[in-house]
Amino acid sequence: MTALGVARGKARDGDAAQRDGARTLVSSAVLAAIALTLAGVLWVALGTMIAETGLRINQTVTERQTLLARRASARLHLAQITHPDSLEARARAMGFGPQLDVTGIAIMIEAGSVPLASVTASERPLAFRLSAQRAVEAESSSGTLLGIFKREEPGR
Amino acid sequence: MNARRLDRLPILLGIFVFAMTGIAARVVQLSSMSVSTVAASGDLIHPQRGAIWDRLGRLLATETYDRYEIIVDKVHVEDPDTLAASIAPALGELAADLALRLANPDPRWETLERFALPDVAAAITALESPALTARQNPSRAYSYGADMAHVVGFVDLDLVGHFGVEEGHAESLRGLEGRRPGRFRTDPASYIPPYDGADVVLTLDAELQLACMGALERIVDEQDATGGTVLVLDPTTGAILASASTPGYDPNNYSAYDVERFTDPAIGSIYPPGSIVKPLTLAAAFDAGLLAPGSTYNDEVEVRMGGIAIVNPDRLGHGPTTMQEMLTLSLNVGASHVARTLGADRFYGALRAFGLGRTTGVDLAGEVDGIMPVPGEADWDEERFAFNTFGQGFSTTPLQMAVAIAALANEGRRMRPYIVASRISSSGEAVATKPQLAAQVVTPATARTITLMLEGVVQDRATAAAIPGIRVAGKTGTSEIAGADGENATIATFAGYFPAEAPRYVVLVKIDQPDDTSGSHVAAPLFREVAEATIRVLGIGVGAAP
């Protein structure tokens, strides 16, 4: 091998070394960029997750407020329709109420069929006009409610 | 190999640019989402104030959200005049005035209306202005209005409780504020959840309360009285089952009333109890062994004590008189005999033991002591002692008197009265109030003896208080006070309990300055009406009361 050949060989080796060095540099830069990007992505992703969590909490707080408002509205509506005055008004509108002209209540007691109220010819049984609550009381305390007696109105 | 790597470089760069673009877009999106919510409301999360329920779960008070706070963020106000012109009609303000406020950059956020109606809020929201926000603002609603006002109390615009349960149990009801996540609502680390206030369940029965209030208002109206009070207690526990007083106020519109109306007369107004103290001092004399039911004294037309002449209500002397007759006829001469027999120290000791002249410790705000000077104090003298023997010259609250009478009904045991049966935390944990014995005032035997004597009072004298089929023990009281015009006026009272063989309910009624000055004519019929309502609503059997 001539000296020229040796020199050319060395030059080629030098170029190759330079190219290898450049390639290594580029590869390292790419890897660094990728790593940096990944780190950035991770960082932003974490931040995003945290931010999303915060926003979800915020939305939940707002939703909670909406639900509280609905519950309060429902509670108030329920309170209005179950107010004793409201119940009484509706019960009266349905025909329930004290029968002021009732003269007696006939109840079957267990010892025998003895009506507790005396019935005269001018009176007739008008069963089931008593309020439901009173009927239940009468039935549970004394036996079977037979009927309620109401005085005949004049002319009937 | 290396060549292939170099070939991939543009691809990698593309991915890099794409990723960065995506990240940038996400950051911009998050920023815009955050900013849009910044001005929506303050950072604090309002805790829901606890609701108030009656013993059967009827709602008495709750927080509502049907009012809105209108807030402006002036950074986003581009043209104050135009914005003012568009919202001034809805807010009921002059556009020119509003424009001046909007043009002033300080403060940045300003509340334009604190309790706007829903239609105003809807009109503001419809403008879709980034400068304006309509935020629900909590307020309080009272479903039983004036019928429960004195017991429940009210909250002001800042949701601070005043009077009654609202103030007395403010700590439980209020809750703790929370905090939204950070300035831009994106930092969960700074999020503090709110802790809602506890619900409170009262011992009071709403249906009975309405019945008491209706009966009381009718009597007050018929008698042209200035007011009145009805109390229903469970003597075995001290639970308050009804507490009705008039005149009252509507807590939904409290600002329309004078502040005097807010005081609950049952615990915050004092009056001379009159003859209702006679069974108390008699019980003390029996307990001390100084007198017995069969003891007699000579009832004269007049006795002098502390420089004053004590006479009976009928102005007569009844000669040799038993303690039962003294109590039935409510003889002042006999009451002074009992007091003298006891002596001043024992007399006042007994009244104190029954709880008179001192707060009862009830869990309601606004309770007062009463006025009862005792020997050794500057305001006390023999003349005052003479008046005190028949219930004049000192003052108690109606609740103090009801608790004292309840001690007789409860075999001599005075219970601390209470109105909150339980508290239920926002997590559902319930804490029930335990009845507390305040004092064993007299022996059970003495209490039963007095009960029998009070039954005799109802049977022989205060017959208007009697209930067919039910044994009732009770006592009338008529006390004299100075009326508004400076002339003498009276307060008619009746306190009693039933069924006398095993008392479940104590009822005290008090009518202020009625036309008819007799306690037995005015208060006894009201007592009967309230007692019958109590039996109808709560029953008379075991377990009827909470």
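**Helix packing in chain B**

Modeller: H10(B) and H16(B) cross in a right-handed way. Here, a crossing is left-handed if the near helix is turned anticlockwise from the far one by less than a right angle, and right-handed if clockwise. Before going further: this is a predicted model, where local features need pLDDT of at least 70, side-chain atom pairs count only at pLDDT 80 or more, and totals for chains, interfaces and linings use all residues. Residues are numbered from 1 along each chain as its sequence is written, while chains are lettered from A and ligands numbered from 1 in the order in which they are written.

Back to that crossing. H10(B) covers residues 278-287 and H16(B) covers residues 444-460, and they pack at about 135° with their axes 10 Å apart. (Helices are DSSP runs of H or I with at least four residues, strands are E runs of at least two, and both are numbered from the N terminus; axes are lines fitted to C-alpha atoms, for helices over the stretch in contact, and angles run from 0 to 180 degrees between N-to-C directions.) That angle makes H10(B) oblique to H16(B); under 35 degrees counts as roughly parallel, over 145 as roughly antiparallel, 65 to 115 as roughly perpendicular, and the rest as oblique.

Which residues do the touching? H10(B) brings B:Pro279, B:Leu282, B:Ala283, B:Phe286 and B:Asp287, and H16(B) brings B:Thr446, B:Ala447, B:Thr449, B:Ile450 and B:Leu454. Contact means that the C-beta atoms of two residues, placed from the backbone, lie within 7 Å. By class, this contact has 7 nonpolar, 2 polar and 1 charged residues, where Ala, Val, Leu, Ile, Met, Phe, Trp, Tyr, Cys and Pro count as nonpolar, Asp, Glu, Lys and Arg as charged, and the others, Gly among them, as polar.

Now to H2(B), which packs against two partners described here. With H3(B), the angle is about 130° and the axes are 8 Å apart. So H2(B) is oblique to H3(B), and this crossing is right-handed. On the H2(B) side you'll find B:Pro80, B:Asp81, B:Leu83, B:Ala84, B:Ala85, B:Ile87 and B:Ala88, meeting B:Ala95, B:Leu98, B:Ala99, B:Leu102 and B:Ala103 of H3(B). That contact holds 11 nonpolar residues, no polar ones and 1 charged one.

The other partner is H4(B): H2(B) (residues 80-91) and H4(B) (residues 118-126) pack at about 170°, with axes 9 Å apart. The pair is therefore roughly antiparallel. B:Ile87, B:Ala90 and B:Leu91 from H2(B) meet B:Val120, B:Ala123 and B:Ile124 from H4(B), giving 6 nonpolar residues, no polar ones and no charged ones.

B:Ser330 counts as buried because it has 26 other C-beta atoms within 10 Å; buried takes 20 or more, exposed 12 or fewer, and partly exposed is in between, with C-beta atoms placed from the backbone.

The exceptions to handle with care include residues 34-41 of chain B, where pLDDT stays under 50 and the model has 12 contacts beyond four places in sequence. Residues 542-546 of chain B are also below 50, again with 12 contacts beyond near neighbours in sequence. Where pLDDT is low, the predicted coordinates should not be read in detail. For the complex, the predictor gives an ipTM of 0.75 and a pTM of 0.80.

Key:
pLDDT is the predictor's confidence in each residue, from 0 to 100.
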